[in-house]
Amino acid sequence: MIPAETTGRATQVKRSGDRLLPSLGILLVTGGLVFLGWFAYLWFAPGQAPYQYQKISSGNPQQYPELELDAWPELTISHYDVIVPEVEKPIAQAMVAQRDGTAPVLVKWQNNSKENLHALDWKSSELSALAKAISQYAAKDALIIAWWDISQQINLLTGYETLFTSHLNEPLIIPQHWQEHIAAIDAYEQEFWQSKPVQKELAQFEDFSKALTAEPEEGVATLRRLAGDDREAYVIVHVTDLYKLGLMYPDKIGVAYQNFPLTGNIHGMINHMKVQLKENDFDTYTLQSITDTQIRVYFLSDEQSSETLLAKMLPFTDKDAPMELEALQLVYQSGGYWVYKIPGGRES
């Protein structure tokens, strides 16, 4: 096990009791993600981001079948490589979607290193299924509350109003040695995504993210306040929110992960997870299907982490199932996505 420090945009924080957030080979909750050795040379001029988005192609959804967005033929899809000077291959790929020249929205991200930059992988099929299902469960004038990236995707694909509309870039996931370029990275990201969030939206997002770290009743009360007293509203979470929330609030929720290949030896994989629980004194774990051949296991470090609202909204081993959560009403689940109706508000 490698002890991991958790880094925000400006300060480093550790879990209470001076317990460092654990990691499993691949560090999870850390803004100081250590990339491959080829980043070591980084000496960039002030004000210049240490990477660039380079457009490779553009077309309609039918030209990118891996996105499974054929139901939205009006979209324009663009493929970008994420390039670092003097690095032979792209460090990541970004697929973005636009409608009628609006700001681009990230619909797929693929890291080519073993570390994370900006976003985590998710299955495109799960996103398209979620978008198609929302109209079945929510009135057209309902408000959707979700992490800002999911909010942008839902707004683009469904037209539903979302509490967050900007590319907030919170938390900022970059290597430790890129910390001195934070201002340049922020400016570059805002320019590329054509999005400059206002202070009100940032404050609302802080309230939302903190609500996910609170006990269920307290967190749901905050979600209702954000939605408004008379508004039908739904909250959507994804298992990858664990990573992002742990990065932002390591004193409230401790997270680590490990990837596993999908093989025929399911019992062996489960036994290995149990070994990790015991050896690292973790409290519980949940799974994410990344591809048809790989899964990711998220571990929560302690009971305090397991008592947060987000943990209660996701399925963890040896814990109450999400459908038993009394503070919210589960209405839909697909893959890593879980959709809950927020109590109160006007009934449709």
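How are H1 and H2 oriented to each other? H1 and H2 are oblique to each other, a word kept for angles that are not under 35 degrees (roughly parallel), over 145 (roughly antiparallel) or 65 to 115 (roughly perpendicular). The close-ups below come from a predicted model, in which local features need pLDDT of at least 70, side-chain atom pairs count only at pLDDT 80 or more, and totals for chains, interfaces and linings use all residues. Residues are numbered from 1 along each chain as its sequence is written, and side-chain values use heavy atoms, leaving out hydrogens and water.

**View 1. Helix H1 meets helix H2.** The axes of H1 (residues 124–137) and H2 (residues 148–158) come within 10 Å and cross at roughly 60°. Axes are lines fitted to C-alpha atoms, for helices over the stretch in contact, with angles from 0 to 180 degrees between N-to-C directions. Helices (H or I, at least four residues) and strands (E, at least two) are DSSP runs, numbered from the N terminus.

**View 2. The open sheet E4-E5-E6-E7.** Four strands line up here in that order, with antiparallel pairing; strands pair if DSSP finds at least two bridges between them. Strands E4 (52–59) and E7 (105–111) stand at the edges with a single partner strand each, so one side of each has no neighbour in the sheet. From one strand to the next, the twist averages 25°.

View 3. E6 (residues 92–98) pairs with E7 over six bridges, in the antiparallel sense. Look for Ala92, opposite Asn111 in E7.
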